[in-house]
Amino acid sequence: MSAVRLVLCSLALATALASHAQSASTDAATQQQTPAYVAARAKWQKELNAFDAADRERLPAAGGVLFVGSSTIRMWPHIAQDFPQQPVVINRGFGGSTMEDASLFARDLVVRYKPRLVLVYAGDNDLAENRTPMQVLESFARFANTVRGELPDTRIAYISIKPSPSREKLTAQMREANNAIAAYLRRMPNTEFIDVYTPMLGNDGRPRPELFRADQLHMTDEGYRLWQSVIASHLAEPATRVDASVTQGLH
């Protein structure tokens, strides 16, 4: 996709979805009756029940930092300890999930916690299931629209799709999805795009092998240390840091 077409598509999508933000909270009951939501709820019932049980035992305080997404988030060891300056860090990753799943469960996994910042990592599973980069963008936009509609002050950050060696055949689609979402976020206030793709590449332009487990998909401890170093600066309150919301997309 050309850069001009990418920008135009992202701008058109941002404009179209912005008109629905004010009515997002009234659509909750309707969304939960849709076939897509019902099917996703049935598929992920075990994981959602586990989150509900954890909340009943100890409901996280509002105003925290929330991570949501696929197995890369779910498998992050000691995520709260990696960001000790944050009083509340919530992990709501569920393995194998897609950006589409995250958009359907935005109220279940984000809105209910009222975080000041939500970071989402998802999209590569969508591409592996033959969705297009623009479909990933559309799913992310629905996710962001739901969050923004009910939590207008919550900052939204997208962690870029990582360059997993096992999905090297999807490199072009990964880059396109990352660039599309980065372009979209440049037109939405109080958001940012966090590029982990670039620092995970070596001098040869290929994924750094030490960052990935034997399955060539999930990350090693070294991979998570890299992510921690990249993401940490984005967790501070905007008033206390240099705003990174204009971070450029990948090329």
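A: Helices themselves are DSSP runs of H or I with at least four residues, strands are runs of E with at least two, and both are numbered from the N terminus. This is a predicted model, where local features need pLDDT of at least 70 and side-chain atom pairs count only at pLDDT 80 or more, while totals for chains, interfaces and linings use all residues. Residues are numbered from 1 along each chain as its sequence is written, and side-chain values use heavy atoms, with hydrogens and water left out.

Now to α10. From first C-alpha to last, its 18 residues reach 26 Å, close to the 26 Å expected at 1.5 Å a residue. Most of α10 is covered, with 13 of its 18 residues buried (under 20% relative accessible area with a 1.4 Å probe, counting protein chains only; over 50% is exposed, and in between is partly exposed).

Its partner here is α11. Helix α10 (residues 133-150) packs against helix α11 (residues 171-185) at an angle of about 35 degrees, and their axes are 8 Å apart. Those axes are lines fitted to C-alpha atoms over the stretch in contact, and angles run from 0 to 180 degrees between N-to-C directions.

Who does the touching? On the α10 side you'll find P133, V136, L137, F140 and A141, and on the α11 side Q173, E176, A177, A180, I181, Y184 and L185; contact means heavy atoms within 4.5 Å. Sorted by type, that's 10 nonpolar residues, one polar and one charged. For that sorting, Ala, Val, Leu, Ile, Met, Phe, Trp, Tyr, Cys and Pro count as nonpolar, Asp, Glu, Lys and Arg as charged, and the others, Gly among them, as polar.

Zooming out, the chain has 12 helices and five strands, and 53% of its 251 residues are buried. Of the contacts with a separation of 6 or more, 77% are between residues 24 or more positions apart. Leaving out residues up to four places away in sequence, M75 touches R213, H218 and Y224.

Methods
Expected span 1.5 Å × (residues − 1).
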